[in-house]
Amino acid sequence: MSELTLTVMRLGFLAVLWLFVIVAIQVIRSDLFGTKVNPRPARRGRDAGTPAPAAAPAPARGPQPPAGGPAGGQPQGGGRRRGGPTQLVVVAGSLAGTTVALQGQTITLGRAHDSTIVLDDDYASSRHARIYQDQTGQWTVEDLGSTNGTYLDRQRLTAPTPLQPGTPIRIGRTVIELRK
């Protein structure tokens, strides 16, 4: 092998080694210090204690599917039922005021960076709970084996439980509700 090829291989190996070290340091840092939550700026014309009104749903784009779905069975659009919940709202905790639109996808809650709602709470596990839509279209909450538990209206969850709009879900200091 030529001297130039050997030098390029050595430099490439050194670059990959440094990349590994940097990624390892970032993972350790995030485990030690958690995620940084930036506070939301205050809304103009409203005092901090008054909740903001719910935002109007975005107008539909493109052609609309028939009401009964493709074969008259389950409705399309992620299984959303008419008049069912449309959003998940954080009502208490460091993320109060945060809303997540319900579009049929699974919503994960926890301290992990890839969670749908990242909780900056000492009492939350990395993968704490999930909220999903079951086969009947009902939204369900499930604790994922968390250390401190997930509470639905003051009752600790031991099995996947159907959610009703307005029922508080508590994870540590964070309280979340399903709303229409």
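Predicted model: local features only at pLDDT ≥ 70, side-chain atom pairs only at ≥ 80, totals over all residues.

Colleague: What holds the strands of a sheet together in general, and how many bridges join β5 to strand β6?

Modeller: In general, the strands of a sheet pair through backbone hydrogen bonds, and they may do so in a parallel or an antiparallel manner. Here β5 and strand β6 (residues 139–143) run antiparallel and are joined by 5 bridges, with V141 in β6 as the bridge partner of I131. The two strands form a hairpin with 5 residues between them, and G137 in that turn has a positive phi of about 95 degrees. Strand β3 (residues 107–110) also pairs with β5 in the antiparallel sense, over 3 bridges; T108 has R130 in β5 as its bridge partner, while I107 stands opposite I131 in β5.

Colleague: Is strand β5 enclosed by the rest of the structure or open, and why?

Modeller: Burial is judged by relative accessible area, and a residue counts as buried when the value is under 20%. By that rule 4 of the 5 residues of strand β5 (residues 129–133) are buried, so the strand is largely enclosed by the rest of the structure. For the protein chain as a whole, 28% of the 180 residues count as buried.

Colleague: R130 belongs to that strand; is R130 buried or exposed, or in between?

Modeller: R130 is partly exposed, because its relative accessible area is 27%. As a general idea, side chains of opposite charge can pair when their charged atoms come close. In this model the side chains of R130 and E142 meet in a salt bridge, at 2.7 Å from N to O. The pair links distant parts of the chain, since E142 is in strand β6 and R130 in strand β5, 12 residues apart. E142, for its part, is buried, with a relative accessible area of 18%. A search of the whole structure finds 1 salt bridge.

Colleague: Which residues of the largest nonpolar core touch the most other members?

Modeller: The core has 21 residues, and those that touch the most other members are L88, I107, L109, I117, I131 and L163. At least two residues of this core come from each of β1 (87–92), β3, β5, β6, β10 (169–171) and β11.

Modeller: E177 is found in strand β11 (residues 174–179), and at 15% relative accessibility E177 counts as buried. Not counting residues up to four places away in sequence, E177 touches Q87, L88, V89, V91, G166, T167 and P168.

Colleague: Turning to the surface, which residues form a nonpolar patch there?

Modeller: The patch is formed by L11, F13, L14, L17, W18, F20, V21, I22 and I25, which together have about 950 Å² of accessible area. V21, one of these residues, lies in helix α1 (residues 3–33) and counts as partly exposed, because its relative accessibility is 32%.

Colleague: Which residues other than glycine have a positive phi, and where do they lie?

Modeller: D153 has a positive phi of about 50 degrees although it is not a glycine, and R154 likewise has a positive value, near 70 degrees. D153 is placed in the loop between β7 (151–152) and β8 (155–156), and R154 lies in the loop between β7 and β8 as well. With a relative accessible area of 47%, D153 is partly exposed, whereas R154 is exposed at 78%.

Colleague: And what does the secondary structure of the protein chain come to?

Modeller: The secondary structure comes to 1 helix and 11 strands, and from the N terminus on the elements run α-β-β-β-β-β-β-β-β-β-β-β. Among contacts with a separation of 6 or more, 38% are between residues 24 or more positions apart.

Note on methods. Residues numbered from 1 in each chain as written. Heavy atoms only, no water. Patch = residues over 30% accessible without salt bridge, like charges linked within 9 Å, V, L, I, M, F, W, Y side chains within 5 Å. Areas by Shrake-Rupley, 256 points an atom, 1.4 Å probe, with all protein chains shown as cover. Salt bridge = Lys/Arg side-chain N within 4 Å of Asp/Glu carboxyl O. Buried < 20%, exposed > 50% of the residue type's maximum accessible area, 1.4 Å probe, protein only. Contact = heavy atoms within 4.5 Å. Pairing = 2+ DSSP bridges. Core = buried A, V, L, I, M, F, W, Y, C linked by side-chain atoms within 4.5 Å.
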